[in-house]
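Trainee: I have this model open and would like to go through it. Can you walk me through the domains, the helix packing and the ligand shell?

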Amino acid sequence: MPATAQEDIAVPLGEDFADIREGIRRICADYPGSYWRGLESRGEYPTAFVRALTQAGYLGALIPEEYGGAGLPLRAGSVILEEIHAAGCNAGACHAQMYIMGTLLRHGSERQKREYLPGIARGELRLQAFAVTEPTTGTDTTKLKTRAVRDGDHYVLHGQKVWTSRALHSDLMLVLARTTPREQVAKKTQGLSVFLLDIRECRGKGLEIRPLEAMINHNTTEVFFDGARVPAQNLIGEEGRGFGYILDGMNAERILVSSEALGDGRWFTRKAVAYAGERVVFDRPIGQNQAVQFPIARAHAEIEAADLMLRKAAALFQAGLPCGEAANVAKMLAADAAWHAAEACMQCHGGFGYAREYDVERKWRETRLFQIAPVSTNLVLAYIAEHVLGMPRSY
Ligand SMILES: Cc1cc2nc3c(=O)[nH]c(=O)nc-3n(C[C@H](O)[C@H](O)[C@H](O)COP(=O)(O)OP(=O)(O)OC[C@H]3O[C@@H](n4cnc5c(N)ncnc54)[C@H](O)[C@@H]3O)c2cc1C
């Protein structure tokens, strides 16, 4: 029986964590659209922005105090990411640290936590890379082909990952690999294990990382394992139970990513309202036309609804109650709301939506990602149909 019942949970309304919001807005003001456009044209990582967030302690917000972090609840992480995106910035360069860290925190050994978490909290150690997706198996995660074979006090990795974001800007990488062949386990979810791989140790010794050019500046990569050796003491939790550990972190990931989508939605509506008010065509502001107003108003309504669901998911998560439904619904609603806001903003800017200096096209490309990653909308719907509504499994 959980200590808190659903009926007793209160959800904060309005601008909760006001100090954090203010702090993030101050930092983001130093990183305007021109900063992000410049990085994109050079394909660079936002090092200065990530350093500013780290130095202010925001990336260690969720690390418990005993390991040197701020020990704040997940909702605080949500607020940080929402504000970054609402300011026109992008947290994709560093958000993973918040949820990858959870896997280490919940399932790592005390030795692993003492060894890594304080350094991460101080910003000396970067845990930004999370290698799950593979080129040939995609969403069908349990079929992944990367193998980790025990050899004395090491595991030896062979295989390939794709879309491993930030791997060239991280010291550590969490890797999901198969330790027992699929044919030898009773359930396909068994036999997968999670490793904390030290990129600094392995690079050039069976680990190769190649940048992958993408539609947005996400610093994503392809990762090749060809005999990379990971100390057995860097296995997280028990061998063979890694899939469960990864699933366990997904609700937090969904909640945090929804917050980014929500922030994008707020940025797009603000930008659209401002432009619709100042752009005069046919002798009146375009925002006086209902055909221009309504998509923006509708997007605003969708953002507000997604915000409520997101707050519900974060509150359930914090209370230790099941939050899979709320986290998935929040992810889908926030991603959709952000996309509709992006479309409304793009459309109301007319041709200028395509001009890079307005930042609309950059944010439009960036927010499209939430329909696909970290989980596609179809897979969220499949989760709701099967796990919430009890319909037959479709895949
Ligand atoms: C910019 C970017 C950054 C990323 N960063 C990371 C990262 O850091 N680490 C990492 O591990 N991964 C990362 N990913 C990968 C991302 O999580 C996957 O792209 C995503 O999960 C979808 O997998 P896939 O691309 O293999 O699509 P596929 O699995 O090939 O699916 C293709 C399409 O088919 C649909 N589909 C597939 N099966 C079904 C079904 N049964 N029912 C209905 N529809 C279905 C999907 O919804 C999708 O739209 C990133 C991706 C991108 C684009």
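Trainee: Anything to know before we start?

Mentor: This is a predicted model, where local features need pLDDT of at least 70 and side-chain atom pairs count only at pLDDT 80 or more, while totals for chains, interfaces and linings use all residues. Residues are numbered from 1 along each chain as its sequence is written.

Trainee: Which domains is the chain divided into?

Mentor: The chain is split into domain 1 (6-126), domain 2 (128-240) and domain 3 (244-388). Those bounds come from an automatic or database domain assignment.

Trainee: How far apart are the C-alpha centres of domain 1 and domain 3?

Mentor: The centres of domain 1 and domain 3, taken over C-alpha atoms, lie 20 Å apart. Their contact takes 29 residues from domain 1 and 30 residues from domain 3. Two residues are in contact if their C-beta atoms, placed from the backbone, lie within 7 Å.

Trainee: Which elements give two or more residues to the side of domain 1 that touches domain 3?

Mentor: Helix H2 (33-42), helix H4 (74-86) and helix H5 (96-107) do. H4 has the largest share of that side, with 10 residues. Helices (H or I, at least four residues) and strands (E, at least two) are DSSP runs, numbered from the N terminus.

Trainee: And by class, what does that side of domain 1 have?

Mentor: The side of domain 1 that touches domain 3 has 12 nonpolar, 11 polar and six charged residues. Here Ala, Val, Leu, Ile, Met, Phe, Trp, Tyr, Cys and Pro count as nonpolar, Asp, Glu, Lys and Arg as charged, and the others, Gly among them, as polar.

Trainee: At what angle do H5 and helix H8 pack?

Mentor: H5 and H8 (residues 242-278) pack at about 145°, and their axes are 9 Å apart. Axes are lines fitted to C-alpha atoms, for helices over the stretch in contact, and angles run from 0 to 180 degrees between N-to-C directions.

Trainee: Which residues in H5 meet H8?

Mentor: Met98, Tyr99, Gly102, Thr103, Arg106 and His107 in H5 do, and their partners in H8 include Tyr245, Asp248 and Leu256.

Trainee: What about H5 and helix H6?

Mentor: The axes of H5 and H6 (residues 110-122) come within 11 Å and cross at roughly 160°. That makes H5 roughly antiparallel to H6, a label for angles over 145 degrees, with under 35 roughly parallel, 65 to 115 roughly perpendicular and the rest oblique. Gln97, Met101, Leu104 and Leu105 are the H5 residues that meet H6, and by class the contact has six nonpolar, two polar and one charged residues.

Trainee: Switching to H10 and H11, how do they pack?

Mentor: H10 (residues 324-348) and H11 (residues 360-368) pack at about 155°, with their axes 9 Å apart. H10 and H11 are therefore roughly antiparallel to each other. Among the residues that meet are Trp339 in H10 and Trp364 in H11. The contact of H10 with H11 divides into seven nonpolar, one polar and two charged residues.

Trainee: Now the ligand. Which residues come nearest?

Mentor: Of the 23 residues around the ligand, Gly138, Thr139, Trp163, Ser376 and Tyr395 come nearest. A residue counts as near if its C-beta atom, placed from the backbone, lies within 6 Å of the molecule or strand in question.

Trainee: How does the shell divide by class?

Mentor: The shell around the ligand has 13 nonpolar, 10 polar and no charged residues. Strand S1 (127-131), strand S3 (154-165) and helix H12 (377-388) each supply at least two residues. Domain 2 and domain 3 each give at least three.

Trainee: And the backbone: is the peptide bond from alanine 373 to proline 374 cis or trans?

Mentor: The bond from alanine 373 to proline 374 is cis, with omega near 0°. Proline 374 is in the loop between H11 and H12. Phenylalanine 17 has a positive phi of about 50° although it is not a glycine, and it lies in the segment before helix H1 (18-29). Most residues other than glycine have a negative phi, and most peptide bonds are trans.
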